[in-house]
Amino acid sequence: MRISFCCTDTRAEPWLLGLRAALAGAEVAEWSPGAPQADYAVVWGPPQQFIDEQPALRGIFNIGAGVDGLLRLRLPAGARVVRLDDAGMGVQMAEYVCHALIRHFREFDGYERDMAEGRWSFRKPRSRSDFPVGILGMGVLGQRVARAVAQFEFPVRGWSRSPRQVEGVDCFAGPAQLDAFLAGTRVLVCLLPLTPATEGILNRDTLARLLPGGYLINVARGAHLVDADLLALLDTGQLAGATLDVFRTEPLPTDHPFWREPRLTLTPHTSARTLRDESIAQIARKIAALERGEPIAGIVDPARGY
Ligand code: NDP
Ligand code: OXD
């Protein structure tokens, strides 16, 4: 079995060693133009040339959860695209979202500023029942985050494409229930895949429907958010602030107004990193299952876009 590795911004050597160790007997090599046909590919942001030169792949394994970049390429009809299912990202995402949520709710950002300015002062405790957390996207990561947020006793609501039942979560589904979901949410977490249906979903209309003084945590993709609409709602005070991990252009351009907005907390697309060992183990398990003719989780439906 031959495996071709084609990941931009990723040091190939440790992945090649890990994949070889996990898939005994497999020939694993980094792709270069004209390389021999492979049975499986392990990719992140591959060029179109890679796809065009590898028409016989039995599976294309994306080393991330989001496949929006991959699905922008022309893929062979019937190509089986497989994304990472958690693989260590769930707990990181839960940490990140809880950190952002609690920092905002407990006003730790304000205390940091006060103490830095030598001011010893208390803020009035707030009630977590006034801070319902709404999670857009109740998939692998959304559900993990919902569980973590519920541990801190915030009311939790979730929105997905198809109806779901998740213990401890007030569930909403589909466009018809989006307004009701937003109307009862103060802290909005975006964990949707980027698809034609979700691009720009964080906009003036949807964000203005949150409870007054809403707060946004976007950990999905920059193109979910209409940047100018967020800034406008911060200006009117309808939104109290936001924590953003993802941006339309990454790295965030130095002249982007987000850098200068004090009510925003920014991080460089780091909320849930791909963990090499966990990812290799998952990919190797799935390749072995496919070779045995068994079903696997995480196969992307290109028509749905995730
Ligand atoms: P999943 O595919 O497991 O979950 C996606 C969820 O979104 C599902 O609940 C799905 O609904 C819902 N959804 C999709 N389309 C719509 C729609 N049109 N309307 C309503 N709900 C919709 O994905 P993951 O949880 O694994 O990952 C989510 C995203 O997080 C990734 O696509 C990626 O963009 C981002 N991500 C960001 C990272 C970072 O470091 N910032 C790291 C990892 C991921 P249904 O349940 O009905 O299918
Ligand atoms: C992912 C990401 O999709 O890191 O996994 O953004």
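Tutor: Helices and strands are DSSP runs, numbered from the N terminus. With that in mind, please note that this is a predicted model. Proline 251, for instance, is found in the loop between β11 and β12.

Student: What kind of peptide bond joins glutamate 250 and proline 251?

Tutor: The general idea comes first: most residues other than glycine have a negative phi, and most peptide bonds are trans. Here, the bond between glutamate 250 and proline 251 is cis, with omega at about -5°.

Student: Which residues other than glycine have a positive phi?

Tutor: Two cases may be discussed. Aspartate 9 has a positive phi of about 55°, and its place is in the loop between β1 (2-7) and α1 (12-22). Glutamate 107 has a positive phi near 60° and lies in the loop between α4 and α5 (108-116).

Student: Is aspartate 9 buried or exposed, and is glutamate 107 buried or exposed?

Tutor: A residue is called buried under 20% relative accessible area and exposed over 50%. Aspartate 9 has a relative accessibility of 83%, so it counts as exposed. Glutamate 107 has a relative accessible area of 17%, and is therefore buried.

Student: How should I read a strand and its neighbours? Let us take β11 as the example.

Tutor: In a regular strand the side chains alternate between the two faces of the sheet. Strand β11 spans residues 239-244, and five of its six residues are buried, so the strand is largely enclosed by the rest of the structure.

Student: Which strands pair with β11?

Tutor: Strand β10 (residues 214-218) pairs with β11 in the parallel sense over five bridges. Within that pairing, leucine 216 stands opposite alanine 242 of β11. The chain passes from β10 through helix α9 (residues 227-236) to β11, and this β-α-β crossover is right-handed. Strand β12 (residues 264-266) also pairs with β11 in the parallel sense, over three bridges. There, threonine 243 has threonine 265 in β12 as its bridge partner.

Student: How many disulfides does a search of the whole structure find?

Tutor: A pair of cysteine sulfur atoms must lie within 2.5 Å to count as a disulfide. The search finds zero disulfides. For cysteine 6, the nearest cysteine sulfur belongs to cysteine 7 and is 6.8 Å away. Cysteine 6 has a relative accessibility of 9% and so counts as buried. For cysteine 171, the nearest cysteine sulfur is that of cysteine 190, 17 Å away. Cysteine 171 is partly exposed, with a relative accessible area of 26%.

Student: Where is asparagine 62 found, and what does its side chain reach?

Tutor: Asparagine 62 is found in strand β4 (residues 59-62). Its relative accessible area is 3%, so asparagine 62 is buried. Its side chain reaches the backbone oxygen of glycine 66 at 3.0 Å.

Student: How many residues surround ligand 1, and which are the closest?

Tutor: Ligand 1 is surrounded by 30 residues, and the closest are Arg83, Leu141, Ser162, Arg164 and Tyr306. An N or O atom in the side chain of arginine 83 is 2.7 Å from an oxygen atom of ligand 1. A polar side-chain atom of serine 162 lies 2.4 Å from an oxygen atom of this ligand. Valine 219 has a backbone N or O atom 3.0 Å from a nitrogen atom of ligand 1. Taken alone, ligand 1 exposes 940 Å², and the protein buries 93% of that.

Student: Which element gives the largest share of the shell around ligand 1?

Tutor: Helix α6 gives the largest share, three residues.

Student: Which residues lie around ligand 2?

Tutor: They are Gly64, Ala65, Gly66, Met89, Arg221, His269 and Ala272. A backbone N or O atom of alanine 65 lies 2.7 Å from an oxygen atom of ligand 2, and a backbone N or O atom of glycine 66 lies 2.8 Å from an oxygen atom of ligand 2. Arginine 221 has a side-chain N or O atom 2.8 Å from an oxygen atom of this ligand. Taken alone, ligand 2 exposes 210 Å², of which the protein buries 86%.

Key: Residues numbered from 1 in each chain as written. Chains lettered and ligands numbered in written order. Predicted model: local features only at pLDDT ≥ 70, side-chain atom pairs only at ≥ 80, totals over all residues. Heavy atoms only, no water. Buried < 20%, exposed > 50% of the residue type's maximum accessible area, 1.4 Å probe, protein only. Helix = DSSP H or I, 4+ residues; strand = E, 2+ residues; numbered from the N terminus. Pairing = 2+ DSSP bridges. Right-handed = clockwise from strand over helix to strand, strands pointing away. Near = heavy atom within 4 Å. Polar contact = N/O pair within 3.5 Å; in protein donor to acceptor, adjacent residues only side chain to side chain. Areas by Shrake-Rupley, 256 points an atom, 1.4 Å probe, with all protein chains shown as cover.
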